[in-house]
Amino acid sequence: MWAYAVRRILATIPVLAIVALVVFSILHIAPGDPAGVIAGDQATEEQVQAIRSKLRLDLPFHEQFILWLTSALQGDLGISIFSNRPVMALFVQRLEPTIALAVLTTIIAVTLAVPIGVLAAWRAGTAVDRGVMSFAVLGFSFPVFVIGYVLIYIFAIKLKLLPIQGYRPLADGFWPFLRHLVLPSFALGLSFMALIARITRASMLEVLSQDHIRTVRAKGLPAWRLLFCHALPNAAVPIVTIIGVGVALLLGGVVVTESVFAIPGVGRLVVDAILHRDYPVIQGVLLIFSATYVMVNLIIDLLYVVIDPRIRY
Amino acid sequence: MKCSRLLSLAAMAALFVIGCGEAALAQKKTVIRSVPIGNLRTLDPIWTTAYITRNHAYMIWDTLFALDADNKPQPQMVDKWSVSEDKLTYTFTLREGLKWHDGPPVTAADCVASLRRWGAKDGMGQALMSYTASLDPVDAKTIRLVLKQPIGFVIDALAKIDSNVPFMMPERIAKTDPNTAITEMIGSGPFRFIASEWVPGSKVVYEKFTDYVPRKEPASQAAGGKVVYVDRVESIYIPDHGVAMAALASGELDLHESPATDLLAMVESNPDVVTVPNDKLGWQLFMSLNHLHPPFDNKAVRQAVLWGIKQQDFLVAMAGDAKRYQVCAAIFACGLPNESKAGIEPLLSGNPEKTKSLLQAAGALGARVALMDQTDNTVHRAVLIAAQALRQMGFTVDVVAMDWSTLIQRRASKAPPAQGGWNVFLTNATATGVENPLVNNFVKNCAEAWYHWACDQRIVDLNRQWALEADPAKRKQITDELQRVHLENVTLVPLGMYRPTIIYRKELVDIIPAPAIFYWNIKKRGGA
């Protein structure tokens, strides 16, 4: 298994190289002028050109790419054109809100969705099952920002139970931290929950029809033990896959939720950078995203071995 | 692993997380939480002309002179100043007690270096430096500026309130190449920048600079005593306007510098919220026509456009309520010393049918125009009005949608519209940013032409005359002539002026009316 893990890690290198080249190329082909945005509307063309030269944005494409790649290989992802801060520092600064949102969303989604999916499978064909599936469809159908606005209206404005917007770091105290994350996590988690519930139900249905489950039933074990200690572990592979993919997407930043709730996460960092053509930030963060995505997929694959001892690499 | 063991581990993890991160309660401070006009990404007010950076800079840096509520220059960091009889030598003496945020006193050498850096970038500053023979510190507190010839705008330039403002910085920082952004935010202004809490694009924090020595006069726009009554200002960028409004209505925020006009109804009836246009001058909206390519390379066609413009249509789109806008055809804005009524008759007629007949006569009826539309910018609303207006005038309009960054790149292109160029775009500027020929980069002509490439040598000559003229009456004549020529050649098409609204909780009092929100002088009743 370790040899497999090492091979997968080494395979990341060409993947990242391709990502770096594609992202760099697309950015420089796309229209937009960061020097003009920096200089401002009142600046003359000479002033804009002076900034362009200072930032080396007027160098040929291949020279800019080599400069950036050389630095990136040494762990230096460059400096933001706008804020003059290292890209890595900007990314790390945004990481806590993003991770916090991703973790809480995952906890809420998994904690609620897995039992719901298990219940639906156990009561397949009944009103409970249809109710769960209807919930799943609704969860996919509503855009996150609509759910966010509704939650804000009910719980923050009308009931005044939770704050409307913002993020408080953990250093400010656990309860302020948690209170600011509840609504965005639920808004984001609803569609994630719907997806996990469906996958759980489908996977559980397959496992519940197997012979060893009939044996467990015959032995007289209580339903909860049958479902959660015998059936669910055998149904876990696709569930873990979908959770892993979802977590990777969450870590990539969920810009709509971050925008609605004013959370300074990685998603907003990237979208702001794209809108203003902050090339080093876009290039650096997308490279980190790619590496993260590859690592998360590797972790999922390795988890299969833990969940299902029959799997060997 | 057994089920029960898994559940136990999960419970322990939850308890561990809950146990972590409990912080001591913060000391109670008076804090203003506000939403700025935009996303603060760049901190150097000399490197960029962006207003959000200018507004940030007013918090932590100070100026030698500043404009008061009547838009008259007043000494700010300067204690006393004099001009020699031949009007060539200006001597400025700094006030006592001025200190940088990191401790050392402000010196004349700091100011000289700051003026040089500003003078290398800013249009008015460049003009001043072009007439400067020498600029030197005489001693620790005294600055001497010697001119090559008498000019009428020295103090106006040092007091300008629009970007780039001549902020004073420590010499070591001011010696940074003007085309390189500074990285240290050390000023002598009434607030300190808290670098450790800056989240670019999201949050900026300022704290009161307790060693700041304000002037004794009452605060008056950017001049007078900058007395700070709060401990801290947190400027939080919230991209969603609806959420920002709701947060302010509920008390999570104290002030919103730039609320969406169409959402003001959410708070206007709220007794705890004040809605007011804080900038009595506001913004000028204008249209730029590309003089290089057909149809607007033809002066007659450009002049025809003036007759068909109905400013009110544009202003309603930008400001909504009639209380917040005014029809204004003046190139150098209305309500300011250089307001002129020369040559404005076509702009007040609002007669697209007349434009059609003029286009017919010029052989341009139905001419195709590419109108750039910055969809991620508030001016987008006015662009849609412009599209309809130009069609009514008889043009065939192609609306080319793009983001602001792309527009900035494309407007610099001198290529024909069909090859990546353009014919028309709209933008805006603060009234103080267009109020005289030196500060108004948008109407520069010929070699210094802005993105319209207008060239009428009379403009260049009149601008020079205006710069050298100190007599107000003669200056007015030059201004009138300038405007007449600008409108005859249609350097730009003024589309009126509007005043953005701010909203704030009633706990805040004594907000200074100004083009930017100044956080000195504001008191917050009830504390935190």
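Mentor: Axes are lines fitted to C-alpha atoms, for helices over the stretch in contact, and angles run from 0 to 180 degrees between N-to-C directions. The model is predicted. In chain B, the axes of helix α3 (residues 108-121) and helix α4 (residues 123-130) come within 6 Å and cross at roughly 110°.

Trainee: What makes α3(B) roughly perpendicular to α4(B)?

Mentor: Angles of 65 to 115 degrees count as roughly perpendicular. The crossing angle here is roughly 110°, and therefore α3(B) is called roughly perpendicular to α4(B). The crossing itself is left-handed.

Trainee: Which residues make the contact of α3(B) with α4(B)?

Mentor: From α3(B) come B:Trp118, B:Gly119 and B:Lys121, and from α4(B) come B:Gly125, B:Gln126, B:Leu128 and B:Met129. By class, three are nonpolar, three polar and one charged. Gly is counted as polar.

Trainee: Why is α5(A) called oblique to α13(A)?

Mentor: Helix α5(A) and helix α13 (residues 279-307) of chain A pack at about 60°, their axes 9 Å apart. Roughly parallel requires under 35 degrees, roughly antiparallel over 145, and roughly perpendicular 65 to 115, the rest being oblique. An angle of about 60° therefore makes α5(A) oblique to α13(A). Their crossing is right-handed.

Trainee: What residues form that contact, and how do they divide by class?

Mentor: A:Val87, A:Leu90 and A:Phe91 of α5(A) meet A:Pro280, A:Val281, A:Gly284, A:Val285 and A:Ile288 of α13(A). Seven of the residues are nonpolar, one is polar and none is charged.

Trainee: What makes β1(B) and β13(B) a pair in the seven-stranded sheet?

Mentor: Two bridges join β1 (residues 31-35) to β13 (residues 255-256) in chain B, and the criterion asks for at least two. These two strands run parallel, and B:Ser34 has B:Leu255 as its bridge partner in β13(B). The sheet is open and mixed, in the order β10-β11-β12-β1-β13-β21-β14. Its edge strands are β10 (191-193) and β14 (273-276) of chain B, each pairing on one side only.

Trainee: Why is β19(B) described as largely enclosed by the rest of the structure?

Mentor: A residue is buried if 20 or more other C-beta atoms lie within 10 Å of its own. Seven of the seven residues of β19 (residues 424-430) of chain B are buried, so the strand is largely enclosed. Both faces are covered, with B:Val424, B:Leu426, B:Asn428 and B:Thr430 on one side and B:Phe425, B:Thr427 and B:Ala429 on the other. Strand β19(B) pairs with β15(B) in the antiparallel sense over seven bridges; B:Trp283 stands opposite B:Thr430.

Trainee: How do you know that helix α9(B) is mostly covered?

Mentor: Seven of the ten residues of α9 (residues 299-308) of chain B are buried. They are B:Val301, B:Arg302, B:Ala304, B:Val305, B:Leu306, B:Trp307 and B:Gly308. The covering elements include β15 (283-289), α11 (352-362), α12 (380-393), α15 (472-489) and β20 (493-498) of chain B.

Trainee: Finally, how many residues does each chain give to the contact between chains A and B?

Mentor: Chain A gives 46 residues and chain B gives 45. The side of chain A that touches chain B divides into 24 nonpolar, 13 polar and nine charged residues.

Definitions and conventions. Residues numbered from 1 in each chain as written. Chains lettered and ligands numbered in written order. Predicted model: local features only at pLDDT ≥ 70, side-chain atom pairs only at ≥ 80, totals over all residues. Contact = placed C-beta atoms within 7 Å. Helix = DSSP H or I, 4+ residues; strand = E, 2+ residues; numbered from the N terminus. Left-handed = near helix turned anticlockwise from the far one by under 90°. Buried ≥ 20, exposed ≤ 12 C-beta atoms within 10 Å, placed from the backbone.
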